[in-house]
Amino acid sequence: MKYLTFYFFLIFSVFSYSLQGQDPMDQKEYYIGTGYSIGWGQFSQFNSILNTYNDNKTQEKEFNEVHIPNGFAFSIGTHISIFNVEAGFSQRQQRKKTEFSENEILYRRDARLRINTAFIGLGLFVPTTSRFGMGVNVYGDRHAIRLSTREAEKKSISRSSFVSPVVERRYGMTLDATFYFGDMDDHGTKLMIKPFYSFIFKDIDAKPFDELLNGEGGSEDLNGNYSHFGLKFIITYSVVK
């Protein structure tokens, strides 16, 4: 509920600033862009599995916890009057590694969380000055979430393939704010900065990932939610009409 309250506050702010800035009613812009997406979350169940591995294995280098998956983002959209329509794709992932010795051979194990997201959304956007605009959006998301691992001798780990015992598809919703920098009245390259909250509707059972990493026998509940905060930086090229 607190996220919705903050979101409605952003909507109010957009219209308040629009009264001080440019007239948005004649706005018509088409854009395409790519950039960088970073998320932040606790991912408690995934990290508890890595911590269990650390406790059970004598290692030269232990797993660190996963908190900040990151990767590329792609968006295509339009601003028409005060409305924004946008679709795109993003990939956020984070990989952690551990090292251990067996019979004087150094091995490495990797663990990876990957979230691939396709989205389409609708929102509000207004240019507040000739060089700046702001908006808010709601997106419908389809996520492909993978928990993966691989193990090999350290010197040959790059030739080893990941095994993904958990591959789940989930629907969700993202709320974001858009801060848009560039010439609002002309074609060209612009910068979008988009803080967001991604809400994933259904939990994921990480038990198969735990069994692959740590063996069978644990009774801990490993159902967890992978909703998270994030930030996107998108460089766009736009055509204004």
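**Notebook: a look through the predicted chain**

I began with Glu29, which is buried, its relative accessible area being 0%. I keep in mind throughout that I am reading a predicted model. The side chain of Glu29 meets that of Lys190 in a salt bridge, with 2.7 Å from N to O. This pair links distant parts of the chain, since I find Glu29 in strand β1 and Lys190 in strand β7 (residues 188-200), 161 residues apart. Lys190 also counts as buried, at 3% relative accessibility.

**Other salt bridges**

I then asked how many salt bridges there are by this rule. The count comes to 10. Another that I looked up joins the side chains of Glu99 and Lys154, at 3.3 Å from N to O. Glu99 is buried, with a relative accessible area of 9%, whereas Lys154 counts as partly exposed at 36%.

I also noted a salt bridge between the side chains of Lys155 and Glu153, where the N to O distance is 4.0 Å. Here Lys155 is exposed, with a relative accessible area of 72%, and Glu153 is partly exposed, with 27%. Salt bridges that share partners join Glu86, Asp176 and Lys194 into one network. A polar contact of 3.2 Å joins the side chain of Asp176 to that of Lys194.

**Helix α3**

Which residues of helix α3 (residues 207-214) are buried? I listed Lys207, Phe209, Asp210 and Leu213. They lie on the same side of α3, because the arc they cover around the axis is only 155°. Among the elements that cover these buried residues I found α2 (44-56), β4 (105-129), β5 (132-153), β6 and β8 (204-205). After α3 comes Gly215, whose phi is positive, near 85°.

**The surface patch and the end of the chain**

On the surface I found a nonpolar patch formed by Tyr30, Ile32, Phe74, Ile76, Ile80, Tyr237 and Val239, which together have about 590 Å² of accessible area. At least two residues of the patch come from each of β1 (28-40), β2 (70-80) and β10 (228-240), and the largest share, three residues, is that of β2. Val239 sits in strand β10 and is partly exposed, with a relative accessible area of 31%.

In the segment after β10 I looked up Lys241, which counts as exposed at 66% relative accessibility. Leaving aside residues up to four places away in sequence, Lys241 touches Asp26, Lys28 and Tyr30. The C-alpha atoms of Lys241 and His187 are 8.6 Å apart, although 54 residues separate the two along the chain.

**The whole chain**

Last, I stepped back to the chain as a whole, whose secondary structure comes to three helices and 10 strands. Read along the sequence, these follow the pattern α-β-α-β-β-β-β-β-β-β-α-β-β. Of the 241 residues, 49% count as buried. Taking contacts between residues at least 6 apart in sequence, I noted that 74% join residues at least 24 apart. The accessible surface comes to about 12000 Å², and 56% of that belongs to carbon and sulfur atoms.

Note on methods: Residues are numbered from 1 along each chain as its sequence is written. This is a predicted model: local features need pLDDT of at least 70, side-chain atom pairs count only at pLDDT 80 or more; totals for chains, interfaces and linings use all residues. Side-chain values use heavy atoms; hydrogens and water are left out. Patches are made of residues with over 30% relative accessible area and no salt bridge: like charges are joined within 9 Å, nonpolar side chains (Val, Leu, Ile, Met, Phe, Trp, Tyr) within 5 Å. Accessible areas come from the Shrake-Rupley method with a 1.4 Å probe; for residues, only the protein chains shown count as cover. Helices (H or I, at least four residues) and strands (E, at least two) are DSSP runs, numbered from the N terminus. Buried means under 20% relative accessible area, exposed over 50%, partly exposed in between (1.4 Å probe, protein chains only). A polar contact is a pair of N or O atoms within 3.5 Å; within protein, one must be able to donate a hydrogen and the other to accept it, and residues adjacent in sequence count only if both atoms are side-chain atoms. Contact means heavy atoms within 4.5 Å. The arc is that of the directions from the helix axis to the C-beta atoms.
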